[in-house]
Structure formats: C-alpha cells, structure tokens
Amino acid sequence: MKQFAFLLTFLWICVSSFAQNSQQFVCRLGFTYEMSQQPSWGYNKPVVLSVTPLSPADAAGIEINDIIETINDAPTENQTLETITNWLQDNTKDEIKLTVNNLKQNKKNVSLFRDCKLSNGVNEKDMASSFAFYSLEDVQARAFTCPFKTTLNPNTHLKNYKTFGFSPVDENNRQLEEIINKEIRAALESKGLAYSENNPDLIIQTYYSYNKNLNYTPSENMDKFPVECRYNMQTGTMENLPIYYNPLINNKHAQFLLNLGVRLIDNALSSGENLFVVWECEANELLQSDYPLEKYAQFHLSLMFMQYPYPQTLETAHFYLSSMKYNYTGIYYNMNNLKEIADIDRFSPAYKAELEPGDIIEKINGIKYNSNSEDVSNSYKQFIFKTMNLRDNTTQFTNAEGFTKCMYWNKMQYAQVAEAFKKPENSTAYSYLFYFEPYINLSGTNIVTFSIQRNKQKMDIKVTPTIKTEKVFENYRK
C-alpha cells in the first residue's frame, strides 16, 4: 500500500534545484535515460527510457528509445553519465536544445523549456497517487512480467534498417500466419519502418508451436492458482489470461505448452540457410487451459515489439502501467504545512477562482482539513480498513506495490460509501480529487468549495476543476 510519505517523493525527472529570491525551486524536463551499452542501439550515448505525460519533454516530442546525439550542440557520445546529467541540469539556460535519432527520423532537433516549481510544493497529481484507494477506479499502478527472451546482434545497428517484408507464408497455416504478420506489420510501422515487397532491408521470420503437455496432471487446487493479468494494448485494459508464469507452480499442472518467436533477418547479409539475424524475441508459456495461438499472438506481439529496438531486459520483459484520472485545480500544497497553499498554476481553475499562495485551507467541501502528515496518513489507512466491506470482491487485483486487496467500490453500496467519505473522523478532505465520482459525490456536480483563511479573513471559494486523464504504459528494469 502506498504510504503518505510518497507525497515527499516527486515524480519529476531530470530535476535540479536552485535558489531564486531566497526560495528553493525544482525544475523538470520530464524524461529518464541511461547510457546505452548495447552496440545495436545508441552505444555509449543516452537513450530515453520513459517520458512523463504533459511534461516539457512530452510537449517537445521526445519519445521512448530516442538516442540523444547532442545537448546544446555538444556531442554526447562517450560522455559520462555525470556529464550528461550536468548538461541537462545547466541552470544558466532556460532552453535545452537536443538532437535526437530514432527509427522515424535520422536527426530531429527539439527544444525543451524547464518547468520549475517551488521545491516544497506538492501537486494534485502526486496527491491523487498518494490517495489512490479513495478511487482505485481512477488511479492504478500495475506491473507484470512476460517470458520474452530477446537476442541482439552486436555486429549491426538497428538504426540502419528502414524497410521490412515477410518470409513466404506456410500454406498449411495461412490464416494463423496472416494474423501474426498483420500484428507485426502494425508494430513495426508504428515505430517508423515501412513495409516493402521489393528487396526490403529486413525479412521477418516467425516460428511457433502449440502442444498438449504430455506430463499434465490435474490438480485439486486448480481454482486457487494465481491468475496472470496482463495489459491488452488493443483494448487498453488489463485482462486475466489462462497463463502460468510462476516458477513456484509445477509445470505438470499446465495443460498446454506454447511457443512463439520472431526473427528480424538482414536481407542483404543472408544467403540460403545462412541467416544474419539482427533481432529475435521468443515467448515460451505454460497454459492452464486452452488459449488459441492466434489469440495469444494478437494480444502479445505488440508487447514483444516493445523490446525493439532497445530492450531494457533480455531474459524477461517487465511492464508497468500507470493510469490516472483526477481533479486538477492547479494548487500546490506546502509539504511542511499541508494546510497552506504553496503555489498555484497561472490560468488554472484555482487561479481563476482567485485562490492565492499563502491561503490557509480550513475545510474542503465542508470536511475539516488536517495539516499533520502523520495524522493524515493514519486516518487514510484507517479509512481503507474500515470501508473494506464496501468494496466489490470480484474486482480484486494486485497493484504494482504488491498489495493484493485492491478492489473497486461495490456499485450497490455507493450511498454508504459516500456517507463514509463525509464522516469527519475519516479526514477525507483529499477526496475532492475524485469528486466527479458518484460514490464520493452523489449530487453529480463537480464543484469544490475551499474554506480558507487569508490575512485573518475567512471566506469560501468555489472552484470548478478540470478532470485530467493520464496513462503511461512502458518497459521498465526491475
């Protein structure tokens, strides 16, 4: 379960601190990177691993797998990670100019402008993550692993390949192979490669098998085996699959064995049976019940090609999904005194409603505000414990932090849930972040009332928030 201390952990990437008018600020660019040690992609240069939504990097068009060639015209090749970080954190420049390479473009010039905020300010996105159990329907972090073994050829660079085609279809399995090729084509074209039937740079070769497990032995506890849950990139949802990928489970209880592999072959350097394979990804799965190979391919090939061109892990693939929907007013809370507004985004709903930095919040939507972070954390945990009986057991899932009792609210008990949010002893002032939900606000209106004190004067200010929605799905390294 997320602890309230998460509020003190900023999600800003590539941050730097500096003094301005005796105040501390933090600045973000909005992406993570590492120095590549893979000869096939950006060797000894920074490669982008993730991009934060709505960040300067996102606005500039920085993408995952981008190779950063220059920073303010200085070449990055063979520089140390410390040097790259210092260049990106150069506080004497408001604008950072990058030249990047990817599969779509040879050189792309981008400009990033720092997003700087007071270092003691906590934004509503972080607050929504910290109070996720108020509305797991809206804020989730999920993680899963797939048994994808990826192989790279160190004697080539994947940037050199622009076009692809397919090896001849097996007429005995035409329907299956056409499904597989359709998924592969969509994945590669989304990365910037072009399909070509005339002497393409890469030839795509696939192989597969689907067999009954000859050692299969039914188990009396089949219904108690853990469920494998993975993200379907086509539907944008997490789905339960009849897959075993757990070393603690004896493979004799798997009914089927599935294998699916994809090879990318250099067309010019291959001859006959001498194939020059530049990239390969293979999946081997144990299945609890029948799961047709074509369905597996439609679901998983897009996941497999997230390993191209720059896999973060080779023996397995780790994936992380973060989805958020929350009320944005533009307020930043003072982490040292949560009742105080540290800052407000210009032109935000709170700014337009004339809330001001320095305002002291007494109540939100009539719920008394608590400034002590430890008390707020304890109240939050108690609220989760006391209202567990109002959740729907059929929606249970495990989040990225390993908490197994994540559940949505029971739709038949929304009225009771709303009453629980109103009880003063539950200290649920931050539930305004999800005030658009019926289990928090049965009225259907999404207007938040801040009761504040300003220079000894008390007043109520109504704010109509903007509902923000963000989703990030990416590879990660454990």
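What is the volume of the largest pocket? I looked this up in a predicted model, and the answer is about 980 Å³.

**Entry: the pocket**

I listed the residues that line the largest pocket and found 37 of them; the closest to its centre are Arg142, Cys229, Met238, Phe397 and Thr398. I then sorted the lining by class, which gave 16 nonpolar, 14 polar and 7 charged residues. Next I checked the strands. At least two lining residues come from each of β11 (140-146), β16 (228-232), β17 (237-241), β18 (243-244) and β21 (317-328). Strand β11 gives the most, with 5 residues.

**Entry: two helices**

I looked up how helix α4 (residues 174-190) lies against helix α5 (residues 293-304). Their axes come within 9 Å and cross at roughly 5°. Angles under 35 degrees count as roughly parallel, so α4 is roughly parallel to α5. On the α4 side, the contact is made by Leu176, Ile179, Ile180, Glu183 and Ile184. On the α5 side, I noted Leu293, Glu294, Ala297, Gln298 and Leu301. By class, this contact has 7 nonpolar, 1 polar and 2 charged residues.

**Entry: the disulfide**

How many disulfides does the structure hold? I found 1. Cys27 is joined to Cys116, with 1.9 Å from S to S. The two cysteines are 89 residues apart, so I wrote down where each one sits: Cys27 is in strand β2 (residues 23-28) and Cys116 in strand β9 (residues 115-118). The link thus joins distant parts of the chain. I also looked up the angle about the S-S bond: at 105°, the link is right-handed.

Technical notes: Residues are numbered from 1 along each chain as its sequence is written. This is a predicted model: local features need pLDDT of at least 70, side-chain atom pairs count only at pLDDT 80 or more; totals for chains, interfaces and linings use all residues. Side-chain values use heavy atoms; hydrogens and water are left out. Axes are lines fitted to C-alpha atoms, for helices over the stretch in contact, and angles run from 0 to 180 degrees between N-to-C directions. Helices (H or I, at least four residues) and strands (E, at least two) are DSSP runs, numbered from the N terminus. Angles under 35 degrees count as roughly parallel, over 145 as roughly antiparallel, 65 to 115 as roughly perpendicular and the rest as oblique. Contact means heavy atoms within 4.5 Å. Ala, Val, Leu, Ile, Met, Phe, Trp, Tyr, Cys and Pro count as nonpolar, Asp, Glu, Lys and Arg as charged, and the others, Gly among them, as polar. On a 1 Å grid over the protein atoms alone, a cavity is a set of points where a 1.4 Å probe fits but cannot get out, and a pocket is an open set with protein on both sides within 12 Å along at least five of seven lines; lining residues have an atom within 4 Å of a point. Grid points are joined across faces, edges and corners, and a volume is the space filled by probe spheres set on the points. A disulfide is a pair of cysteine sulfur atoms within 2.5 Å.
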